[in-house]
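Student: Before we discuss any details, could you put the sequence and the structure up for us to look at together?

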Amino acid sequence: MVLVNENFLKLEESYLFAEIARRVETFRASHPKEKLIRLGIGDVTEPLPQAVIQAMHKAVDEMGRRESFHGYAPDQGYDFLRETIVKNDYETRGIHVDMDEIFVSDGAKCDTGNIGDILAQGNRVALTDPVYPVYVDTNRMAGRSIAYLPSTAENGFRPPLPDEPADVIYLCYPNNPTGTTLPREELKRWVDYALENRSLILYDAAYEAYIRQADVPHSIYEIEGARRVAIEFRSFSKTAGFTGQRCAFTVVPHELEGYTAAGKQIALHGLWSRRTSTKFNGVSYVTQRGAQAVYSPEGQAQVKATVDYYMENARILREGLQACGWEVYGGTDAPYIWLRTPRGVSSWEFFGQLLSKLHIVGTPGVGFGPSGEGYLRLTAFGRREDTLEATERLRKF
Ligand code: MLT
């Protein structure tokens with residue numbers, strides 16, 4: 001008799017974005033003529049940069065010739081990409097990361113979910129709330145207990161340090177969903193906490209390309225001591241339009257250690273490497289060549305233009321909504337707008353009102369955790385004309 005993982009029975013019936021897609025599809029089926037503006041899931045709409053396209057075309061041609069064909073990619077990624085990442089993302093900021101500490105993967109969603117493979121079930125997990133639902137669901141699937149750290153307008157979106165000791169802490173900055181950031185001295189508090197409590201910080205920096213303010217760290221390794229307590233997740237999805245292409249990377253420093261129940265220290269790098277070589281066969285050669293091209297001078301200029309385009313969308317939404325009295329957060333260093341719902345209207349009710357009356361798809365804040373109740377998230381990843389139209393519809397609401 002096959003036994004199921006009963007932890008799955010404790011999850012919400014659907015993943016947040018699957019539930020939204022279901023409700024939108026129901027609405028669309030009964031209103032086929034209405035023009036829906038989709039500002040729900042944070043999916044990019046601008047095409048891949050030309051530099052990426054050219055590099056991928058060249059790589060496809062190489063795959064068509066025996067002498068330049070590539071089979072399985074190395075588990076941790078090709079050296080050409082890992083060297084480029086180290087040089088551009090870390091050395092330029094004065095951060096030391098070894099090439100061997102980079103693990104190229106098919107997405108930060110997968111990595112932040114899969115990282116639990118190397119962590120014991122008994123770890124106490126602390127999550128800022130609201131939070132990217134993948135962290136919650138994957139820990140629930142593994143049967144771990146979760147403590148929420150409220151991050152709301154009332155505390156300036158600066159979550160408190162845990163009351164109870166936390167072994168694993170997820171931080172995502174710039175934040176999904178609130179679009180807020182953590183200044184350097186705040187991030188240092190977390191690193192110091194982790195050093196003191198021998199905790200692990202899982203730092204999701206998927207949106208670092210959107211940071212505008214000078215005192216906001218792009219990497220947790222800008223903070224002294226972070227190499228001993230933090231794993232960092234990065235992605236090409238939101239930076240370079242790779243949501244469909246799939247390429248990301250995770251940094252696991254050699255100094256980072258966990259413990260056995262008997263107190264023996266174990267390097268997490270070795271465990272993640274073992275897990276990766278067992279369960280993953282690498283990102284395709286063509287995709288990794290495309291990712292490498294993101295760092296070329298042309299690629300950098302093209303990526304910057306796209307990020308600027310989305311940030312202009314964020315400005316249009318933020319300022320347009322503020323001008324007519326909406327309470328709005330985020331959107332200055334992140335591609336997300338966090339909107340307070342009208343008094344007394346719940347997140348899902350407001351989601352329903354926007355869908356049925358304005359034909360706008362947002363993401364209900366409560367889907368990201370209890371402290372998201374009374375909020376709704378809009379993304380700046382839409383097309384410009386849709387962003388302008390949505391702002392106009394909301395203005396009149
Ligand atoms: C989001 O909308 O929160 C993200 O697009 C989801 C993701 O990156 O997986």
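Tutor: The side chain of His-269 reaches the backbone oxygen of Asp-100 at 2.8 Å, where a polar contact is a pair of N or O atoms within 3.5 Å, one able to donate a hydrogen and the other to accept it within protein, and residues adjacent in sequence count only if both atoms are side-chain atoms. This is a predicted model, in which local features need pLDDT of at least 70 and side-chain atom pairs count only at pLDDT 80 or more, while totals for chains, interfaces and linings use all residues. Residues are numbered from 1 along each chain as its sequence is written, and side-chain values use heavy atoms, with hydrogens and water left out.

Student: Is His-269 buried or exposed?

Tutor: Buried means under 20% relative accessible area, exposed over 50%, and partly exposed in between, with a 1.4 Å probe and protein chains only. Because its relative accessibility is 8%, His-269 counts as buried.

Student: Where is Phe-157 found, and what is its phi?

Tutor: Phe-157 is found in the loop between β4 (145–150) and β5, the strands being DSSP runs of E with at least two residues and helices runs of H or I with at least four, numbered from the N terminus. Although Phe-157 is a residue other than glycine, its phi is positive, near 60°.
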